[in-house]
Amino acid sequence: TASTLTIESAQPSDAGNYTCTATNVVGSVSATANVFIQVSPIITSPAAGFNYTVNSPIPVTFQCTASGIPPPLITFNGFPIPTGDPRVIIGDPITGSVTIGQQNVSTTSRSLTINSTRDGDSGSYTCVASNQGAMSLSSSISFQLTVQLLPNIFLPPMSQSVVQMESISLTCDASGVPTPDITWWRTWSNG
């Protein structure tokens with residue numbers, strides 16, 4: 001004789017020990033199975049990807065929080081700064097829990113800080129929340145960083161002397177983020 005207990009659309013509240021007992025005139029025996037419900041990680045903060053704009057060298061911090069069962073592991077990847085750059089600090093995970101329905105679900109928060117932002121730091125930074133169990137599940141969100149840079153005149157105008165009625169051209173070339181506007185003004189000189 002066989003008997004099957006089926007749980008449709010299993011939820012975290014269905015987790016626990018399930019015991020079956022077989023009984024006849026001779027006696028009874030029992031067997032127990034542990035049911036673990038894995039919950040895919042969900043990034044709960046921020047609710048959506050964010051665009052960050054900072055002026056160099058201002059630091060920036062990306063904060064990522066996820067929930068799931070088992071507790072999610074949060075990593076940051078895909079960013080444009082080389083591994084080992086001392087300006088990048090990835091904070092230790094901070095764990096907690098939230099209640100979904102009547103079940104406590106683990107949360108993990110982690111931050112990535114870039115001290116002294118500079119040219120080349122602009123780009124996409126991805127937070128990945130994953131958990132390991134019977135299945136490997138993950139969720140991700142991206143932050144877009146734009147580092148604004150002070151204008152730099154890399155081709156300054158050159159002083160020139162010309163004969164009256166000849167044309168003169170002065171060139172000034174600058175870079176920066178966002179692209180700088182170049183304006184000209186004249187100061188009077190005696191001589």
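Pro 57 is situated in the loop that connects strand 4 with strand 5, where strands (E, at least two residues) and helices (H or I, at least four residues) are DSSP runs numbered from the N terminus. The peptide bond that leads from Ser 56 into Pro 57 is cis, and its omega is near 10 degrees. A cis peptide bond also joins Ser 45 and Pro 46, with omega at about 0 degrees. Pro 46 belongs to the loop between strand 3 (39–45) and strand 4 (50–55). The model is a predicted one, in which local features need pLDDT of at least 70 and side-chain atom pairs count only at pLDDT 80 or more, whereas totals for chains, interfaces and linings use all residues. Residues are numbered from 1 along each chain as its sequence is written, and side-chain values use heavy atoms, with hydrogens and water left out.

The secondary structure of the chain consists of 12 strands and zero helices. Read from the N terminus, the order of elements is accordingly β-β-β-β-β-β-β-β-β-β-β-β. Along the principal axes, the C-alpha atoms fill a box of roughly 125 × 30 × 25 Å.

Of the 191 residues of the chain, 28% are classed as buried, a term that denotes under 20% relative accessible area, with exposed denoting over 50% and partly exposed the range in between (1.4 Å probe, protein chains only). The accessible surface of the chain is about 13200 Å², and carbon and sulfur atoms contribute 53% of this area. The chain carries 4 positive and 9 negative charges, whose mean positions are 11 Å apart. In this count Lys and Arg are positive and Asp and Glu negative, while His and the chain ends are not counted; each charge is placed at NZ of Lys, CZ of Arg, CG of Asp or CD of Glu.

The disulfide links Cys 64 with Cys 127 at an S to S distance of 1.9 Å. The torsion about the S-S bond is -80 degrees, and the link of Cys 64 and Cys 127 is left-handed. Because Cys 64 lies in strand 5 (residues 60–69) and Cys 127 in strand 10 (residues 123–132), the pair ties together parts that are 63 residues apart in sequence. Cys 64 and Cys 127 are both buried. As for other cysteines, Cys 172 is buried, with a relative accessible area of 18%, whereas Cys 20 is exposed at 51% relative accessibility.

Cys 64 is also one of the residues touched by Arg 110. Arg 110 is located in strand 9 (residues 103–114) and counts as buried because its relative accessibility is 18%. When residues up to four places away in sequence are not counted, the contacts of Arg 110 are Phe 62, Gln 63, Cys 64, Ile 74, Phe 76, Ile 90, Gly 91, Asp 92 and Pro 93. The C-alpha atoms of Arg 110 and Phe 62 are 8.5 Å apart in space, with a separation of 48 residues in sequence.

Glu 8 is placed in the segment before strand 1 (16–24) and is exposed at 64% relative accessibility. Glu 8 and Pro 80, which are 72 residues apart in sequence, have a C-alpha to C-alpha distance of 45 Å. The segment before strand 1 also contains Ser 9, a residue other than glycine with a positive phi, near 50 degrees. With a relative accessibility of 61%, Ser 9 counts as exposed. A positive phi, near 80 degrees, is likewise found at Met 165, again a residue other than glycine. Met 165 occupies the loop between strand 11 (136–155) and strand 12 (173–177), and its relative accessibility of 78% classes it as exposed.

Conventions
Areas by Shrake-Rupley, 256 points an atom, 1.4 Å probe, with all protein chains shown as cover. Disulfide = S-S within 2.5 Å. Contact = heavy atoms within 4.5 Å.
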